[in-house]
Amino acid sequence: MQSLFRSAWLLAAATTTLSLHAQESSITIGASLPLSGAQAEAGKEGLAIMQAQVDALNKQGGLSGRQLTLKVLDDGYEPQRAASNARQLIQEGATALLNCWGTASCAAMQPEVQQGQTPLVGVIAGAGTMRQQPGRHAYPLRATTQAEISAMLQQMQTLGLQRVVIVYQNDGFGKDGLQIAMTAFTAKGLKPITTLAVEPSGANTPDLAKQLATQPDLQGVIVLAGTPATIGLITMARQAHITAPFYNLAAQANRAVVQGLGPYTRGIAFTTLVPSPWKGAVPAVKDYQQLVSHSGMPPASYLGLEVFLNTRTLLDGLRKASPTANRAALTAALDAMGEIRYGAMSLRFAAPRTGSSYVGLTMIDSGGQFRE
């Protein structure tokens, strides 16, 4: 009997040792993504990109012999679920978090990131507290919403467009965007003709189109809204024979908007926050194109390239932090990375960590493709 107990004890000890060794030999990256809800399609695209990059690195031997594990939790694009997911991932030992998604969700995750002292690389949001005060452990790459709107206004001034209306979504996202836009207008000594609120569903877009049609010599419309409201507004405006150009945030430069606009894609501009994903002159973009060329991968997109660059930056940081590659080592490695350059997009992870200043502009051509 004593021999039996001894054998059982040795087996348990060996199992525990193997389990601890497995934990030490792997690195967990955590992510809270909208895999259901309004942003599910975008979240699933991001997940495919992230997982493919992690798999590719593991096939090359991982980091100093350690394999990477990507652990993803669905937040349904709900801020409190995103915060809960971040807390759970940190408590379960994630070395880093990757790609918070949306202004409200990123803001909700921020206290968890700070309290857990866990690096978060990639902030898919241009406004909110995560961008205003990212704190010690957040590493945003994209430019801010203020930079986007300033770029719109700069081009409008270059073209001599001064009589401009702002249409903002009637929720927290849109109201934050409106406040940012008014600050950008003031900085350039400008004022919009008026501001109009659009419902997130786009239900009031017929009425808004009528109001736009009454504006004499309307020269431009800045739209700060999500996909349904953007499509509805532009469609109704074009059907009301409003020919002024519409300027949109980078989040709307996607296939769903192109398809939703149908024949009404002319004279529609979008900001961009990364280089063109269809031009391979930038080495990182060429690598992205190769990744999405594989069977089962989503087609190239601005969002997909942004997720790719965010993920690549985190993986580069982990390489520099190896062989230790724990949270503290990764934080130190990211802080010491110096200039990060992806074509015209460049940034440094130095305080106050405002991200890149790069903002481009793109339009939809007659074939339904984005052209810069």
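**Exercise 1. Determine which helix gives the most residues to the lining of the largest pocket.**

Solution. Helix H7 gives the most, with 5 residues. Helices (H or I, at least four residues) and strands (E, at least two) are DSSP runs, numbered from the N terminus. The model is predicted: local features need pLDDT of at least 70, side-chain atom pairs count only at pLDDT 80 or more, and totals for chains, interfaces and linings use all residues. Residues are numbered from 1 along each chain as its sequence is written, and side-chain values use heavy atoms, with hydrogens and water left out.

**Exercise 2. Describe the space and the lining of the largest pocket.**

Solution. Step one concerns the volume, which is about 1200 Å³. On a 1 Å grid over the protein atoms alone, a pocket is an open set of points where a 1.4 Å probe fits, with protein on both sides within 12 Å along at least five of seven lines; lining residues have an atom within 4 Å of a point. Grid points are joined across faces, edges and corners, and the volume is the space filled by probe spheres set on the points.

Step two concerns the 46 lining residues, of which Gln-39, Tyr-77, Thr-227, Ala-251 and Gln-252 are the closest to the centre. Elements that give two or more residues include H7, helix H9 (227–239) and helix H12 (302–321).

Step three sorts the lining by class into 23 nonpolar, 15 polar and 8 charged residues. Here Ala, Val, Leu, Ile, Met, Phe, Trp, Tyr, Cys and Pro count as nonpolar, Asp, Glu, Lys and Arg as charged, and the others, Gly among them, as polar.

**Exercise 3. State the strand order of the sheet and identify the strands at its edges.**

Solution. The open sheet has 7 strands in the order E7-E6-E8-E9-E10-E13-E14, with mixed pairing. Strands E7 (195–198) and E14 (370–371) stand at the edges with a single partner strand each, so one side of each is left without a neighbour in the sheet. Two strands pair if DSSP finds at least two bridges between them. Strand E10 (residues 268–272) pairs with strand E13 (residues 360–364) in the antiparallel sense over 4 bridges; in E13, Thr-362 is the bridge partner of Phe-270.

**Exercise 4. Identify the cysteines that form a disulfide.**

Solution. The pair is Cys-100 and Cys-106, with sulfur atoms 2.1 Å apart. A disulfide is a pair of cysteine sulfur atoms within 2.5 Å, and by this rule the count is 1. The link of Cys-100 and Cys-106 is right-handed, with 105 degrees about the S-S bond.
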